[in-house]
Amino acid sequence: HTLYKAMAESTSTDGEGRSSPAPGSSERPTPLIRDNECVFCQIVSKEFPAEILYEDAEFVCFRDIEPDAPHHYQVIPRTHIKNAKSLTRDHVPMVERMAKVGEQVLSQQGANVQDSRIGFHWPPFVQINHLHMHLLSPVAGMSWLKKSFSFKQDSFKFVTVMWLVDYLKKLKPKAS
């Protein structure tokens, strides 16, 4: 991710990040919450190059620029959300949709979904402050260090989708 940061510093933004309506829709584009300095926001708005594998009105998935496995992709929301720890229980459906997109992309790319690590780094072990879900497969193709430390499931550093959903469901609802 340090390469993303270095490349982003040389990229300017116009601050006009917007989501696109569905093809054929008369719906107007919706302004997104965006951080102009965020390289992932720049990928969403196509101001920063990335190999996009999937995109819809809610998410973008692209190949990781510094892969830690033969299949290493990132699924990000189009809207800027800082990280997994900043989510609330209201985000559970979004996290579950992210996971479905991730499994779909892994399958479409010929990866073994059963031999994969899917999850989020937990602060302070986040290099890019834009929520991103890692998709890595096969686990057997990862270095010992990466699978035992950087992407160790449900550790202090990396959490699975299931762990995150359980954590979010235990949070108190936001006060109205």
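User: What makes the nonpolar surface patch here a patch, and which residues form it?

Analyst: In this predicted model, F125, W144, L145, F149 and F156 make a nonpolar surface patch of about 570 Å². The word patch is used because its residues have over 30% relative accessible area and no salt bridge, with nonpolar side chains (Val, Leu, Ile, Met, Phe, Trp, Tyr) joined within 5 Å and like charges within 9 Å. Accessible areas come from the Shrake-Rupley method with a 1.4 Å probe, and for residues only the protein chains shown count as cover.

User: Why is F156 called exposed?

Analyst: Exposed means over 50% relative accessible area, buried means under 20%, and partly exposed is in between (1.4 Å probe, protein chains only). F156 has 54% relative accessibility, so F156 counts as exposed. You will find F156 in the loop between α4 (144-150) and β8 (158-160). Helices (H or I, at least four residues) and strands (E, at least two) are DSSP runs, numbered from the N terminus.

User: Why is the pair E47 and R34 called a salt bridge?

Analyst: A salt bridge needs a side-chain nitrogen of Lys or Arg within 4 Å of a carboxyl oxygen of Asp or Glu. The closest N and O atoms of E47 and R34 are 3.1 Å apart, so the pair counts as a salt bridge. E47 lies in the loop between α2 (39-44) and β3 (52-55) and R34 in the loop between β2 (30-31) and α2, so the pair ties together parts that are 13 residues apart in sequence.

User: Are E47 and R34 buried or partly exposed?

Analyst: They fall on two sides of the cut-off: E47 is partly exposed at 22% relative accessible area, whereas R34 is buried at 17%.

User: What makes K146 and D68 a salt bridge, and which parts does the pair tie together?

Analyst: Their N to O distance is 3.6 Å, so the side chains meet in a salt bridge by that rule. K146 lies in helix α4 and D68 in the loop between β4 and β5 (71-77), so the pair ties together parts that are 78 residues apart in sequence. K146 has a relative accessible area of 26%, so K146 is partly exposed.

User: How many salt bridges does a search of the whole structure find?

Analyst: The search finds 6. K46, E55 and R78 are linked in a network of salt bridges.

User: How are residues numbered, and which atoms count?

Analyst: Residues are numbered from 1 along each chain as its sequence is written, and side-chain values use heavy atoms, leaving out hydrogens and water. Local features need pLDDT of at least 70 and side-chain atom pairs count only at pLDDT 80 or more, while totals for chains, interfaces and linings use all residues.
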